[in-house]
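Okay, everyone, thanks for coming. Let me put the structure up, and then we'll walk through a few of its side chains together.

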Amino acid sequence: MLCQNNPMTMTSPVRLHTPPEQHRIARHAALLLICVAALWLFMLQGRVLAAGWVVLIWMVVTLVMLRGLFLRARIRRRAWRSAYLYPESPWNRRLRGGLCLFIVQLIKAGVLAAVLLLTVVRIGAAPGVWRLMLVAVLLFVLARARADRVFWRDASPAYRPELVARVGQWGAGVVLVFCLLLWALVQPQPDFREATLEQVLWHVTDRERAVSVAVEKGTQWLAAWQGLEQWVVQQITAADQPYWVRAGVWVSVLVRQSLFVVSLLVLFNGVLAGRLHDGRR
């Protein structure tokens, strides 16, 4: 006599590979919110911190960024080697990405960490920018989760972390840069039409003060960059210059805002590096 399966004792199949659950997305968002809160604290204390503390914070941010940058660079290098080299080729082992790749990513992380910290100090307590940073956290986490879910069955687990990180960075980055450009467009600016360039540079840099020489000089350079943009756009507007000259100024604004956005999102990727659920944890 055949035994019939009892539906009360049957268990549903367990999937070993599952897309991101809501609690994991919430945990990622919480980590990034803590990261933004830490940047807020540095903004409050950055001008009064001693040089040793500033260097220590810069090193910590650099290492977090390096974690994401180096892991992503190794994934891209692995994809390049698998596309161009045979597995048994000795160059496959030599080009895995060792000390040289590490140093390149370390330099990149150090520069981006400095840009991020100095920009945060100069932003001050401007509520609009900090609200945008909170929006960036939401967009970044949702874009990564959506990309992970969409490419779950199609992308290789070995390369999916780079794909997810790239989608999250581009998805949040484009929106954030666009909003910052609009914010720069409507933000009130000082009247530099009657001032010389030297007067403008002295005016904007003299307002930047900090205990640490590195913070003071760095914020002065950023202030000079922004002051130069403001002076040029007001001069060419008064002189009725061609539109392509104004476009050059807005390209400079785009570069400056993009550097801040990229450094922020690279920090986010560093915080979440290695946290993609690929069924191997």
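Let's start with a question: does Asp-206 count as buried, partly exposed or exposed? Asp-206 counts as partly exposed, at 44% relative accessibility; buried means under 20% relative accessible area, exposed over 50%, and partly exposed in between, with a 1.4 Å probe and protein chains only.

Quick housekeeping. This is a predicted model, where local features need pLDDT of at least 70, side-chain atom pairs count only at pLDDT 80 or more, and totals for chains, interfaces and linings use all residues. Residues are numbered from 1 along each chain as its sequence is written, and side-chain values use heavy atoms, leaving out hydrogens and water.

Back to Asp-206: its side chain meets that of Arg-209 in a salt bridge, 2.8 Å from N to O. By salt bridge I mean a side-chain nitrogen of Lys or Arg within 4 Å of a carboxyl oxygen of Asp or Glu. Arg-209 is partly exposed too, at 43%. The structure holds 7 salt bridges.

Now look at Glu-162, which is buried at 7% relative accessibility. Glu-162 pairs with Arg-72, the closest N and O atoms being 2.7 Å apart. That pair links distant parts of the chain, 90 residues apart: Arg-72 is in helix α2 (residues 51-84) and Glu-162 in helix α6 (residues 160-186). Helices here are DSSP runs of H or I, at least four residues, numbered from the N terminus. Arg-72 is buried as well, at 13%.

Glu-162 also bridges to Arg-166, at 2.8 Å, and those two sit 4 residues apart in α6, about one turn of the helix.
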